[in-house]
Amino acid sequence: MIRSEEPPSELPAWLVLAGGVTLLLARPALADGSAAPAVLAACYLGIGAAALSVPEAVPHPAVLGRLPVLLTGLAAIVAVAWVVGPWPPLRLGWMGAPVGALAAVAEEALFRRLAYARLLRFGAGIAVLGSALAFALLHVPLYGIEVLPVDLGAGLLLSWQRWASGTWTVPAATHAAAELLAVLR
């Protein structure tokens, strides 16, 4: 008798998503005090490691090449930085750059690797919109409702990059560059 292999359970992915979102929602409380950079960095490392520990869902083919998609994303964040103006000051001082880059990679592993892949079964449009909306809403407690349109735009750009490049690493690079630009401005 030939047994067909069952697909891996989706429960670990959903547990990692729930845990990651919970930690990210706790950021406002974790961002106070002298230990904030270390606490946040530990949270981001945990989120990223957990997100990467879940087996990759069905691979998504690239629609465009990685380099053009990355360059498009980088051009978009520079344009937004020029149009929108300065970001709010960072509370982490000089640690803002490494902690911000770490946050970017962890968020992309969570939203563009895990959430996007789980939503892709409903179609690419749902995966792009759903992961972008979740990303934007998650930033409301940290930055306020007034930046929701900017965060939604960023989420749409990053989710489009995921779709177009076929990988979560391109939006992770774009997101990390945006975080570094925010610190260097």
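Me: What is the handedness of the crossing where H3 passes H5?
Reply: This is a predicted model, so let's take the helix pair as the prediction places it. Pro-37, Leu-40 and Tyr-44 are among the H3 residues that meet H5, where their partners include Val-99, Leu-102 and Leu-110. As H3 passes H5, the crossing is left-handed.

Me: Are H3 and H5 roughly parallel or roughly antiparallel to each other?
Reply: Two packed helices are described by the angle between their axes and the distance between the axes. Here the axes come within 9 Å and cross at roughly 30°. Angles under 35 degrees count as roughly parallel. H3 and H5 are therefore roughly parallel.

Me: Which element gives the most residues to the largest nonpolar core?
Reply: That core has 24 residues, and Val-16, Leu-24, Tyr-44, Leu-110, Phe-111 and Leu-114 touch the most other members. The elements giving two or more residues are H1 (11–25), H3 (36–53), H5 (96–119) and H6. With eight residues, the top contributor is H5.

Me: Is Ser-131 buried or exposed?
Reply: Ser-131 lies in helix H6. Not counting residues up to four places away in sequence, Ser-131 touches Phe-111, Arg-112, Tyr-116, Leu-119, Ile-126 and Ser-159. The cut-off for buried is under 20% relative accessible area. Ser-131 has 0%, so call it buried.

Me: And Ala-76: buried, partly exposed or exposed?
Reply: Ala-76 has its place in helix H4 (residues 66–84). Buried needs under 20% and exposed needs over 50%. At a relative accessible area of 25%, Ala-76 is partly exposed.

Me: How many Å apart in space are Ala-76 and Leu-157, C-alpha to C-alpha?
Reply: Start with the chain: the two are 81 residues apart in sequence. On the Ala-76 side, the element is H4. In space, C-alpha to C-alpha, Ala-76 and Leu-157 are separated by 8.3 Å.

Me: Which element has the highest mean pLDDT?
Reply: For the protein chain, the mean pLDDT is 86, with 88% of residues reaching 70 or more. Among the elements, the lowest mean is 83, for H2 (residues 27–30). At the other end, with 96, sits helix H6 (residues 124–138).

Terms used
Residues numbered from 1 in each chain as written. Predicted model: local features only at pLDDT ≥ 70, side-chain atom pairs only at ≥ 80, totals over all residues. Heavy atoms only, no water. pLDDT = per-residue confidence, 0-100. Helix = DSSP H or I, 4+ residues; strand = E, 2+ residues; numbered from the N terminus. Core = buried A, V, L, I, M, F, W, Y, C linked by side-chain atoms within 4.5 Å. Buried < 20%, exposed > 50% of the residue type's maximum accessible area, 1.4 Å probe, protein only. Axes fitted to C-alpha atoms, helices over the stretch in contact; angles between N-to-C directions. Parallel < 35°, antiparallel > 145°, perpendicular 65-115°, else oblique. Left-handed = near helix turned anticlockwise from the far one by under 90°. Contact = heavy atoms within 4.5 Å.
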